[in-house]
Amino acid sequence: MQINFNANGAENQGLNAFLLILLAEICLVTMGHFVKFLTLSLDTMTVFVVVQVMSIVLLLPVVLVRGVGRLRTPNIGLHSVRCVVGVTSMCLIFYAYQQLDLSLATLLKLLSPAFIPFAAVLVLGEKPYISTLVALAIALVGVAVSINIDLKESTHVYGVIAATLAALLAAFGKSLVRRIGRNEGADVIAFYFACFGALLSIPVWLLQGGSLTIVMGLSVNSLWLLLLVASLATLGQYTATVAYTKHRAAVVGLFTYMALPIAGVMGVAFWGDQISNAFLLGSALILMAGLIGSSVRLTRTPQQLSRIGQRNSKV
């Protein structure tokens, strides 16, 4: 996707962010579907560890082709913090996918954009636009009317807590991605995340009884599904990283609400979920919020836009 970062193309940046996040959410929601399926027979940490290792393998050729020298980074501390936050969030959402309906887990995951404007203030010093806040409010109303959460009837209260915490951590992780992306490419950021993720999760997995024997004993079908999950996770993370490094975190975060109607369609197609009128109304509100958000003009000077264009031409 060619993105114009000159001064005359500033008005199109909201639409570009929308399209990037739409692709990312299609990948990540589809990934959630297969994670839910895999965790019917595998424990969550095994799925997570294998996916992280496969992601490294998938990203390694890209890094090698573009030059190993690009891995030199002045942001190793930020990468470490982002990885701890991101890995914890990802483990929690994998657990939520296992315990909850796909639509409910996705809904709770969508609390993340509500936290992003505040995380962006702390991490980036960004000030949200009034139109962004209006669109965010519409999107939150859409989420509320789409699925009626009754914690007393929740399949697993721990899954609800896990998904909510995952959303909170994801908001800070995405804001950190934008801060790191000021001088690093999306492939480098994704590669560091996969590497640090594996280093952090493998010891935990081993302490929980994981072993190479378990991986070697996986069926061919399970390995293919894990590879598919890793591919979707890598593409989704990479696309989202590009969006967050090139656009304001608060604006990009708003567009993740597109995941809800996508999850609804997949829930009907694969898990027998029922689409209610409330869900359709909520999806319409979410789409409206996305259109409002995509019209936001990112107010940068021509000099800033030029520097962004030079940096991201290498992404």
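What share of the 315 residues of the chain count as buried? In this predicted model, the answer is 55% of them.

## Overall build

The chain contains 14 helices and zero strands, so that, under the DSSP rule used for naming such runs, reading along the sequence gives the pattern α-α-α-α-α-α-α-α-α-α-α-α-α-α.

## Two cavities

By the rule applied here, the count comes to two cavities of 30 Å³ or more. The largest cavity holds about 440 Å³ of space, and of the 26 residues that line it, Leu28, Ser89, Ala170, Lys174 and Gln237 are the closest to its centre. At least two residues of this lining come from each of four helices, namely helix H1 (13-38), helix H3 (76-99), helix H7 (157-180) and helix H10 (220-246). Sorted by class, the lining of the largest cavity consists of 16 nonpolar, six polar and four charged residues.

The second largest cavity has a volume of about 90 Å³. Among the residues that line this second cavity are Gln52, Arg82, Met90, Phe193, Thr234 and Gln237, and its lining divides into six nonpolar, four polar and one charged. Helix H2 (44-66), H3, helix H8 (186-207) and H10 each supply at least two residues of that lining.

## A nonpolar patch on the surface

On the surface, Val157, Tyr158, Ile161, Leu165 and Leu168 form a nonpolar patch, and together these residues have about 460 Å² of accessible area. Tyr158, one of its members, is found in helix H7. Is Tyr158 buried or exposed? Tyr158 counts as exposed because its relative accessible area is 55%, and the cut-off for that label is over 50%.

## Covered segments

Helix H4 (residues 102-109) is mostly covered, with eight of its eight residues buried; among them are Leu102, Thr106 and Lys109. Leu110 lies in the loop between H4 and helix H5 (112-123), and this residue is buried as well, because its relative accessible area is 1%, whereas the cut-off for buried is under 20%.

The C-alpha atoms of Leu110 and Leu260 are separated by 7.8 Å, although the two residues are 150 residues apart along the chain. Leu260 is one of the buried residues of helix H12 (residues 259-271), a group that also includes Pro261, Ile262 and Met266. H12 is followed by Gly272, whose phi is positive, near 75°.

## One salt bridge

How many salt bridges does the structure hold? The structure holds one salt bridge, in which the side chains of Arg66 and Asp187 meet at 3.8 Å, N to O. This pair links distant parts of the chain, since Arg66 belongs to helix H2 and Asp187 to helix H8, 121 residues apart. As a general point, side chains of opposite charge can pair when their charged atoms come close.

The two partners carry separate labels for accessibility. Arg66 is partly exposed, because its relative accessible area is 36%, while Asp187 counts as buried, because its relative accessibility is 0%.

Notes:
Residues are numbered from 1 along each chain as its sequence is written. This is a predicted model: local features need pLDDT of at least 70, side-chain atom pairs count only at pLDDT 80 or more; totals for chains, interfaces and linings use all residues. Side-chain values use heavy atoms; hydrogens and water are left out. On a 1 Å grid over the protein atoms alone, a cavity is a set of points where a 1.4 Å probe fits but cannot get out, and a pocket is an open set with protein on both sides within 12 Å along at least five of seven lines; lining residues have an atom within 4 Å of a point. Grid points are joined across faces, edges and corners, and a volume is the space filled by probe spheres set on the points. Ala, Val, Leu, Ile, Met, Phe, Trp, Tyr, Cys and Pro count as nonpolar, Asp, Glu, Lys and Arg as charged, and the others, Gly among them, as polar. Patches are made of residues with over 30% relative accessible area and no salt bridge: like charges are joined within 9 Å, nonpolar side chains (Val, Leu, Ile, Met, Phe, Trp, Tyr) within 5 Å. Accessible areas come from the Shrake-Rupley method with a 1.4 Å probe; for residues, only the protein chains shown count as cover. A salt bridge is a side-chain nitrogen of Lys or Arg within 4 Å of a carboxyl oxygen of Asp or Glu. Buried means under 20% relative accessible area, exposed over 50%, partly exposed in between (1.4 Å probe, protein chains only).
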